Amino acid sequence: MAETNFIDYVKIYCRSGRGGRGSTHMHRAKYLPKGGPDGGNGGRGGHVILRANRNYWTLLHLRYDRHIQAEHGGNGSKNKSSGKQGANSYIEVPCGTAVYDAETGEYVCDVTEHEQEVILLRGGRGGLGNFNFATPTNKAPRYAQPGEPMQERSFILELKLLADVGLVGFPNAGKSTLVGAISSARPKIGNYPFTTLEPSLGIVSYRDSRSFVVADIPGIIEGASEGRGLGLRFLRHIERNSLLLFMVPADTDDIRHEYDVLLGELAKFNPDLLDKGRVLAITKCDLLAGDDELKDMLREGLPDDIPVVFISAVAQQGLQELKDVLWREMNSESNKIAAINTQESIIRSTKTFAYMSDIEDDDEGWGEEDALDDDEDIEYLDDEDIEYLDDDAIEDLEDFEYEDAPKS
């Protein structure tokens, strides 16, 4: 995977901007010796914002730009001039990207629609200038609020392809051949295991100018949920599919056993995948030479609770029937209800990234010393640790910074 441009997993470090400090300036004019406080407020620090962009297909652009830093807010100045607000930093990602905390694996958010935006880290608020604290009994306050500190956090971005139908099968089950036969996609096809090294999408044309999207992932082998083969790394791409198409070749010794193995690997990876609609396609049926009796014999050992279709992508047999079955199952009420019930648990569950240790090796050199640059003395706080000050509590001066008024 090091040579491919399809990157569906990346770890990034994000830092929002800190708020600017308020000014303690005192107004001075030739004929106004006691002008009073006129220090302006500090500017807000920039946010770090995640934004979906349908023009992106992978996370490749983030692989070489993993440090996302927003601009700091400007300090307040005289004449009640507020500091400049820090510029926001936008992270452009493909639609279907989910975000997790890099340390805990906790779900943070996901974006599925074009131009959908989510604030990952908020910039610190700017401190109030001394003119905000002037009272009849304290007409010349010589203190102002410091700006709120920045926030920093590391995230894992995972791309999950948005498709209607996900293809599930062992290597050389005919998945790529089927995608090439029913859509305009041209995936790599070869007579050897793991021909497909990265997921691909194909748009399938249907009746009355309708269409649906099919996702092809690398073949799954027994033990994929434990890290064997390539399937585990790409199983996330079928988490968003509304329907799963299991594909088993007709020349398999035991079709039912192979189907049960595939189903078991999905259950180990994510048990909620079992709640999705399923269709079983028996591929390479051109080997049966149109023998209906042999097909009936094969049906006897197959599961009765899911539709079964016999197809041959090479010979163009049963493809229209397959499209009809997929369309019917996708739009069935039971499938829509199951998709609604499982969406929360599939997308928002806490995940472990232990199986991504090979990618973690690319992050050597990451650390607070590299990330902080010139801000080593800044103390970073989480949202719950930040204390916001009320104007009524201004008498407690421990939270404020004092400065002597400039001498005239």
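Student: Which residue forms a salt bridge with arginine 51, the closest N and O atoms being 2.6 Å apart?
Tutor: A salt bridge is a side-chain nitrogen of Lys or Arg within 4 Å of a carboxyl oxygen of Asp or Glu. Arginine 51 lies in strand E2 and its partner in strand E4, so the pair ties together parts that are 41 residues apart in sequence. Strands (E, at least two residues) and helices (H or I, at least four) are DSSP runs, numbered from the N terminus. The partner at 2.6 Å is glutamate 92.

Student: What kind of model is this?
Tutor: It is a predicted model, where local features need pLDDT of at least 70, side-chain atom pairs count only at pLDDT 80 or more, and totals for chains, interfaces and linings use all residues. Residues are numbered from 1 along each chain as its sequence is written, and side-chain values use heavy atoms, with hydrogens and water left out. In short, the model is predicted.

Student: Which residues are linked with Arg51 in a network of salt bridges?
Tutor: Arginine 51 also forms a salt bridge with a residue whose closest atoms, N and O, are 3.3 Å apart. That pair links strand E2 to strand E7, 66 residues apart. The network joins Arg51 to Glu92 and Glu117.

Student: What is the relative accessible area of arginine 51?
Tutor: Buried means under 20% relative accessible area, exposed over 50%, and partly exposed in between (1.4 Å probe, protein chains only). Glutamate 117 is partly exposed at 41%. Arginine 51 is also partly exposed, at 22%.

Student: Which strands stand at the edges of the open sheet of three strands?
Tutor: The order is E4-E2-E7, with mixed pairing. Two strands each have a single partner strand, so one side of each is left without a neighbour in the sheet. They are E4 (89-93) and E7.

Student: Why is strand E9 largely enclosed by the rest of the structure?
Tutor: E9 runs antiparallel to strand E1 (residues 9-15), with seven bridges. E9 and strand E5 (residues 97-101) also pair in the antiparallel sense, over five bridges. E9 is largely enclosed because, of its eight residues (152-159), the number buried is six.

Student: Is glutamate 115 buried or exposed?
Tutor: Glutamate 115 lies in the loop between strand E6 (107-111) and strand E7 (117-121). Its phi is positive, about 65°, although it is not a glycine. Most residues other than glycine have a negative phi. At 55% relative accessibility, glutamate 115 counts as exposed.

Student: What is the phi of serine 209?
Tutor: Serine 209 is found in the loop between strand E11 (200-205) and strand E12 (211-216). Serine 209 is exposed, with a relative accessible area of 79%. Although not a glycine, serine 209 has a positive phi of about 60°.

Student: How far does helix H6 reach from its first C-alpha to its last?
Tutor: H6 (residues 319-330) has twelve residues. The expected span is 1.5 Å times one less than the number of residues. Buried residues in H6 include Leu319, Leu322 and Trp327. The helix comes close to the expected 16 Å, reaching 16 Å.

Notes:
Pairing = 2+ DSSP bridges.
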